[in-house]
Amino acid sequence: MTKTSFTLQATDGLARTGRIDTPRGTIRTPAFMPVGTAATVKAMMPESVAATGADILLGNTYHLMLRPTAERIDRLGGLHRFMNWDKPILTDSGGFQVMSLADLRKLTEKGVTFKSHIDGSKHELTPERSMDIQRLLGSDIVMCFDECPALPADRDRIAESMRLSMRWAQRSRDAFGDRPGYMLFGIQQGGLEEDLRAESAEALRAIGFDGYAVGGLAVGEGQEAMFGCLEYAPGQLPEDKPRYLMGVGKPDDIVGAVKRGIDMMDCVLPSRSGRTGQAWTRRGQVNIKNARHQDDPRPLDEDCTCPACRNYSRAYLHHVFRAQEMISGMLLTWHNLHYYQELMQGMREAIAAGQFAAFEADFHALRAEGDIASF
Ligand SMILES: [Zn+2]
């Protein structure tokens with residue numbers, strides 16, 4: 001099979017469930033993509049990531065182009081083989097991280113020149129170079145190269161940046177060419193301005209993409225403003241293509257985004273917080289380093305079927321974090337990724353059954369109860 005397709009299977013209100021089929025496998029939507037920044041989801045073996053139920057990973061163009069370089073990964077058989085992950089991979093375009101991580105950035109119509117945050121070496125990213133890097137990596141879902149201003153920003157700056165991103169979207173489309181089996185997603189910009197979002201969506205539709213991302217959110221605007229934008233932004237994008245909300249989020253952000261018509265999301269949160277002792281459960285957030293867990297023989301979540309909850313007590317998890325043992329981040333990352341995937345599975349089933357509102361009510365009710373009382 002060399003084709004890709006998106007099939008919408010059921011809707012409930014604005015929430016949607018379906019599947020993206022690619023030659024490397026099916027992505028069930030709504031989908032959460034764990035982040036494998038540097039060709040690894042930190043603290044996890046790839047087979048463990050798959051065991052949590054993830055159908056797709058996200059890789060970061062910016063990090064991989066600097067180290068070990070896209071050319072080296074290509075020579076070694078591509079990113080899937082390099083990192084031992086045979087399911088789909090989505091790569092970002094590098095644009096966002098150039099803006100947030102690189103030194104001495106210079107932005108022109110052509111693209112961005114910058115210095116590596118690792119060794120100070122000079123690089124250039126353009127729409128054409130970003131497409132080339134993502135092709136060398138072997139990414140299944142390629143993202144357009146775009147520019148994303150930090151919010152808050154004034155309307156003129158947002159409009160100017162969005163229009164530059166739309167010109168870059170056309171150049172990305174031209175450079176990507178015709179590649180059966182691979183998908184190219186456009187990225188909507190326009191900040192929190194409804195008319196600019198509409199203009200951006202119109203420009204992207206005219207070019208034509210395999211999927212559409214809502215970009216430029218989760219950059220410090222807060223949940224209320226983000227949901228405000230999601231009241232209209234997904235609806236401006238084509239209904240028959242996947243909609244991807246980049247860089248989101250906390251469990252309640254994810255449920256709220258799915259409710260408003262989003263199909264895909266990614267975030268470092270479950271893996272990053274797993275390494276710092278923060279667990280996400282159906283009852284909200286738990287800091288396992290807190291002394292109240294030190295004598296607690298119960299699992300983090302008795303109903304969770306992940307290895308951390310099946311085989312270890314809160315007291316053990318607390319101990320290994322306090323002792324800074326490597327297994328601490330491994331176990332909690334596993335739990336967090338498992339919880340996120342279980343949340344997605346729950347939403348997929350609820351949408352298919354026409355029960356999303358009840359699912360959402362239960363989700364919030366259990367979180368409002370909070371963590372179980374101390375032992
Ligand atoms: Zn668990």
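This is a predicted model: local features need pLDDT of at least 70, side-chain atom pairs count only at pLDDT 80 or more; totals for chains, interfaces and linings use all residues.

**Entry 1: end of a helix**

Residues are numbered from 1 along each chain as its sequence is written.

I then checked the length of α15, residues 356-369. Its 14 residues at 1.5 Å a residue should span 20 Å, and the end C-alpha atoms are 20 Å apart, so the two agree. The expected span here is 1.5 Å times one less than the number of residues.

**Entry 2: the whole chain**

How many helices and strands does the protein have? I counted 15 helices and 16 strands. The radius of gyration is 20 Å, close to the 21 Å that the globule rule gives for 375 residues, so the protein is as compact as a globular protein of that length. (That radius is taken over C-alpha atoms, and the rule is 2.2 Å times the number of residues to the power 0.38.) Along the principal axes, the C-alpha atoms fill a box of roughly 60 × 45 × 45 Å.

**Entry 3: two domains**

I looked up the division next: domain 1 covers 5-267 and domain 2 covers 274-369, with bounds from an automatic or database domain assignment. Their C-alpha centres lie 27 Å apart. The contact takes 25 residues from domain 1 and 22 residues from domain 2; two residues are in contact if their C-beta atoms, placed from the backbone, lie within 7 Å.

Which elements supply at least two residues each on the domain 1 side? They are β1 (5-12), β2 (15-22), β4 (31-34), α1 (46-51) and α10 (251-259). The largest share, five residues, comes from α10. By class, I noted 14 nonpolar, six polar and five charged residues on that side of domain 1. (Ala, Val, Leu, Ile, Met, Phe, Trp, Tyr, Cys and Pro count as nonpolar, Asp, Glu, Lys and Arg as charged, and the others, Gly among them, as polar.)

**Entry 4: the β1-β2-β3 sheet**

β1 and β2 turn up again here, in an open sheet of three strands with the order β1-β2-β3 and antiparallel pairing; strands pair if DSSP finds at least two bridges between them. The edge strands are β1 and β3, each pairing on one side only. Neighbouring strands are turned by 15° against each other on average, direction ignored (axes are lines fitted to C-alpha atoms, for helices over the stretch in contact, and angles run from 0 to 180 degrees between N-to-C directions).

β2 and β3 form a hairpin with two residues between them, and five bridges join β2 to β3 (residues 25-29). I20 has I27 as its bridge partner in β3, and T22 stands opposite G25 in that strand.

**Entry 5: the β7-β8-β9 sheet**

I found another open sheet of three strands, ordered β7-β8-β9 with antiparallel pairing. β7 (103-107) and β9 (122-125) stand at the edges, each with a single partner strand, so one side of each is left without a neighbour in the sheet. β8 (residues 112-115) and β9 pair over four bridges, and K115 has K122 of β9 as its bridge partner.
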